[in-house]
Amino acid sequence: MTPRLTAFNVVSLTLGFAFLYLPIVLLVVFSFNESKLVTVWGGFSTRWYAALLGNGPLLEAAWVSLRIGVLSATFATVLGTLAAVALVRFGRFAGRTLLTGMVYAPLVMPEVITGLSLLLLFVALDVDRGFWTVTLAHVSFSMCFVTVVVQSRLVTMDRSLEEAAMDLGATPLATFFQVTLPLIAPAVAAGWMLAFTLSLDDLVIASFTSGPGATTLPMRIYGQVRLGVSPEINAACTIMIGVVTLAILAFSIASKRGLAEPGRAEGA
Amino acid sequence: MAEPPGRPAPLIRFEGVTKSFGAARAVAGVDLDIAQGEFFCLLGPSGCGKTTLMRTLAGFETPDSGRILLDGADLAGVPAHRRPVNMMFQSYALFPHMSVEANIAFGLRQDGVPRAEIAERVAAIVRTVQIQGLEKRRPHQLSGGQKQRVALARALVKRPLVLLLDEPLAALDRKLREDTRFELKELQARLGLTFLMVTHDQDEAMAMADRIGVMEKGRLVQVGAPAEVYETPATRGVAAFVGDSTLIEGVAGAFDGAAARLRVRAALGASSPEFVVAAREAPAEGSAVTLALRPEKLRLWTEPPEAGTPNVLEAEVWDLGYLGDKTLVRLRLPGGGTVRVSRLNASRRPEAGLSAHQRAWIGFDPADAVLLTR
Ligand SMILES: Nc1ncnc2c1ncn2[C@@H]1O[C@H](COP(=O)(O)OP(=O)(O)O)[C@@H](O)[C@H]1O
Ligand SMILES: [Mg+2]
């Protein structure tokens, strides 16, 4: 039985993809619209992209988002990788089940709850909300995604490679940096990319934990849209879609490379 | 264990080493001494605990109880990376992201050996295991035999007190495996190193080891030279696992101390023939014993042998397995049960005059049966 492209399949596929991508396609198309009216086509133009460059607050927000994204992705990758190593390599230790549960919980936690609880925490600690609180919030919710990605790579890695390194005189730390890390590097890179994308996209958690002077790009866009959609926003969103698409492409290439890594099946 | 006078202290000593995984006992109370320069082989069926025992010496498993001494020093609490032993892993465990050269140099770099010396020692070991020209390759660009040599070089280059080998030849094809046996043995003798090898292949153990330790369900049941283990197995398990044996259950009868002969009433289905076998001491009369008969030590006649020949049984040829150098004949005993007899094909007329379902007589010399009480 080979699957066939019946008329039914074609129709349902078309409808499905249309539902998913039509809004995005519209947005991209209208970002090149000459007209100032969002819903009326007035010819091709890149004037809104040029106008973006003159929009100080939007550029500033993009810069904030980029810095928060890079910083939080980097912290999340370090912490998430360490958590994955602890979960996979240290066998059964006290509190392992609890830690596993705690790592996975944020994956399914509604963002509103994560955001609200972080807000309460920062208020209770009397921390000034701003750049660093958003960064911290992003670290805490994207870390678990990194853990999941790295963990799946670690469990398939031949344990005897690390044992061989220790057998040859490498301390556990040297083993991690010289053997484990190079072998899980594709997954670590993929995890970073994922955390970066999550941070760049986030509106809900950032809205809860941000303060004056630290408006992220999604927050700025959302704020402007409430006053009316302008083609400029369409252009900004198109650029974001481009960045996220590139990140996801890099992510999938990195994880494919990880799968094809000769070392994976080498042991057997 | 008292030290035999005049013998040097052992290089490795296992004292009552026990290791369980959850409820399962992988290693149960192993006592073993291995001397400097010895080629020692742990032999046993898969899952009997050989690898686990070896890993306690390498430092990857911590014994639940017991001690391991290396060169007189207790290894308890010494982490794997500080033990002067090196292991060749069953999977070879070559680092896939490093060249052959970097793999071999890895251990020396960890010890902070100067660069020039590393280069020198790597070059020397590359020559020893004959992998010149492969230095720049990655592990996935090597054949199975080449990987095995790189793994060997990587472990040897550190000049360990003991080299541990976990099923070193299991991944090679048959011809290469047999050639490599002799090479490894020769290398060990030339370097004067102590080798501790694990295998489930008894031919491999016989061909390579100075002494064999046979393991069974986590216990070390017999230790001895290959010939000793083969000719005088200590237990039914050893007799069945090391080489081919037909085991016949029986009951001990009268003992003739002067001739060192024991009568055994065998339980072969309905019939119960009486055999005479060599025995140094008598098990209690009436106790259960087992006779182990090696196929190559059984005689086979197509005519009834002359009267007075000891230990003769009439049987029916069941099938003939032609193996080239020998033919394995399976026979059915009248009371049920089968016996295997091997016949050397010393000439080019294979088993003329022997065919399935014909009557035949088998027999064995009293000294050729192994009497087992355990
Ligand atoms: N890390 C482990 N966790 C649980 N059980 C193990 C582990 N290592 C070995 N075992 C068990 O211990 C027994 C002995 O294993 P092993 O020493 O590998 O046997 P062998 O090398 O003789 O084939 C087996 O039953 C195996 O399943
Ligand atoms: Mg094993």
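Trainee: How many salt bridges does the rule count over all chains?

Mentor: A salt bridge is a side-chain nitrogen of Lys or Arg within 4 Å of a carboxyl oxygen of Asp or Glu, and by this rule the count over all chains comes to 25 salt bridges. Please keep in mind that this is a predicted model, in which local features need pLDDT of at least 70 and side-chain atom pairs count only at pLDDT 80 or more, while totals for chains, interfaces and linings use all residues. Residues are numbered from 1 along each chain as its sequence is written, chains are lettered from A and ligands numbered from 1 in the order in which they are written, and side-chain values use heavy atoms, with hydrogens and water left out.

Trainee: Which residue forms a salt bridge with Arg47(A), and how far apart are the closest N and O atoms?

Mentor: The partner of Arg47(A) is Glu34(A), and their closest N and O atoms are 3.7 Å apart. This pair links distant parts of the chain, since Arg47(A) sits in helix α2 (residues 47–54) of chain A and Glu34(A) in the loop between α1 (7–31) and α2 of chain A, 13 residues apart. Helices (H or I, at least four residues) and strands (E, at least two) are DSSP runs, numbered from the N terminus.

Trainee: What does the secondary structure of chain A come to?

Mentor: Chain A has 12 helices and 0 strands, and its C-alpha trace spans about 70 × 65 × 30 Å along its principal axes.

Trainee: How should I read the interface of chain A and chain B, and what area do the two chains bury between them?

Mentor: The size of an interface is often given as the accessible area lost when the parts come together. Buried area is that loss (1.4 Å probe), summed over both parts, and here chain A and chain B bury about 2000 Å² between them, 61% of it on carbon and sulfur atoms. Taking contact to mean heavy atoms within 4.5 Å, we find 22 residues of chain A in contact with 25 residues of chain B.

Trainee: Which residues form the salt bridge across this interface?

Mentor: The rule finds 1 salt bridge across the interface of chain A and chain B, and it joins Glu163(A) to Arg55(B), with the closest N and O atoms 2.7 Å apart. On the side of chain A that touches chain B, the elements giving two or more residues are α7 (159–167), α8 (172–201) and α12 (262–266) of chain A, and the largest share, 7 residues, comes from α7(A).

Trainee: Which residues surround ligand 1?

Mentor: A residue is near a molecule if one of its heavy atoms lies within 4 Å of it, and those surrounding ligand 1 include Phe21(B), Pro45(B), Gly47(B), Gly49(B), Lys50(B) and Thr52(B). The largest share of this shell, 3 residues, comes from helix α1 (residues 50–58) of chain B.

Trainee: Where do polar atoms of Gly47(B) and Thr52(B) lie relative to ligand 1?

Mentor: A polar backbone atom of Gly47(B) is 2.6 Å from an oxygen atom of ligand 1, whereas for Thr52(B) a polar side-chain atom lies 2.5 Å from an oxygen atom of the ligand.

Trainee: Which residues is Asp201(B) in contact with, leaving aside its neighbours within four places in sequence?

Mentor: Asp201(B), placed in the loop between β8 (194–199) and α6 (202–208) of chain B, is in contact with Leu43(B), Arg177(B) and Arg181(B) once those neighbours are left aside.

Terms used: Polar contact = N/O pair within 3.5 Å; in protein donor to acceptor, adjacent residues only side chain to side chain.
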